[in-house]
Every structure is written in structure tokens, then in C-alpha cells.
Amino acid sequence: MTASNDRDNGIPEDVLASVRRLIEWAGDDPAREGLADTPGRVARAYREYFRGYDEDPARHLSRTFEEVGGYDEIVLLRDIAFQSHCEHHMAPIIGKAHIAYLPGDRVVGISKLARVLKGFASRLQVQERLTAEVADCIWEHLQPRGVAVVIEAAHACMSARGVNTPGVTMTTSRMMGVFREDERSRKEVLSLMGL
Ligand SMILES: [Zn+2]
């Protein structure tokens, strides 16, 4: 695909030019054959990585179910794989999240918790804020008795550059409601998460 086709696909010329300039800055020749279509691909990849700016993740929690058959225990979604990008280096953050809540009088379809995570992850992020945003969103829109979010992730800005330490993961957590106030509830949710 040529640059003119990329323009036809709605990718602005200055975006393509910026990627060509970065390739040149890295030390390569953006005009060589193997790189000719790269600016368009990078631009399209960016649209995909950052599609979270086009949505309000809370919308996934707008449809709730009140009929839960008397269920009043923890609902947990474990090991949700996700990808984000750090806002300091625009480098990948790759990890998994565990999201739990103790329902009040409504629950959501379980895939919705993963969609909330992915909505916030598809933006430039720091892991601490991502963790807080997911927890706050569930707290505010589901009005549960507790929310627990734990995220474990590797940061390419640390594993592939800088201190160059592959294999290191960072863990962040946010506990709200009963999971913050009651130690037994917190221990229970952490143990269900396998932590
Ligand atoms: Zn970074």
C-alpha cells in the first residue's frame, strides 16, 4: 500500500511523515522498499492500540441484572490478559488483571469487567492509574459492596530499555468498600485471586 492509499484511508499525511521521520531518526532509510508501507501500518496500529479514547468504558456497565437468585458472594474474573502502553515511553505494558466485586443488588455479564479494563488500557497509561480507573468505574456504576482490582504487568520500557531487566513484573492493587475495610474479606478475595 502506498502513501497515497493511506491518505485515501483517512490517515493524515503529517502522521505518515512523523513516522517516516522517526524511522530516519532511528538511523534507517524510510524510502527503502521494506519500510515503504510501514508508516501506514504504524498509524493503523496506533488507532487500534488507542481506541480507548473513542469510548467511555463505563458504558459496558450500563446493562445490569438484578435477578441473581440470592447470590451474595464474591464475583471474580481472574487472569484477564491485557495490553496497554506506558505514557512515558509509549512502550507496551503486558500483563494480567484480576477483577472482583461483592454485588449489592446488581451484577453485570462477566465479559463486561474485561471490557472496562480494555477500554482504560487502550489509552496511554501508568499502571497505578489504570488500576484505580477500573476499580473506580466499577464502584461508581455497579454500586457494589466491595471492589478489588489487582494488576500484574511487565513494562517494556523497563525490560527492553533503561535498566534492561526482563522478567520483572509490577503489581498494583486497589481495594474499595468491604475489601478495604474488612481484613477477612480482603484475605478471601486475594486468596480467590491466587495471591
Ligand atoms: Zn515507560
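1. By class, 9 nonpolar, 8 polar and 1 charged residues line the second largest pocket; Ala, Val, Leu, Ile, Met, Phe, Trp, Tyr, Cys and Pro count as nonpolar, Asp, Glu, Lys and Arg as charged, and the others, Gly among them, as polar. The model is predicted: local features need pLDDT of at least 70, side-chain atom pairs count only at pLDDT 80 or more, and totals for chains, interfaces and linings use all residues. Residues are numbered from 1 along each chain as its sequence is written, and side-chain values use heavy atoms, with hydrogens and water left out.

2. The second largest pocket has a volume of about 230 Å³. Of its 18 lining residues, Gln127, His155, Cys157, Met158 and Met170 are the closest to its centre. At least two lining residues each come from helix H5 (127-142), strand E4 (146-155) and helix H6 (156-159). (A pocket is an open set of points on a 1 Å grid over the protein atoms alone where a 1.4 Å probe fits, with protein on both sides within 12 Å along at least five of seven lines; lining residues have an atom within 4 Å of a point. Helices, H or I, have at least four residues and strands, E, at least two, as DSSP runs numbered from the N terminus.)

3. Cys86 is buried, at 4% relative accessible area, whereas His89 is partly exposed at 40% (buried is under 20%, exposed over 50%, partly exposed in between; 1.4 Å probe, protein chains only).

Technical notes. Points joined across faces, edges and corners; volume = space filled by probe spheres on them.
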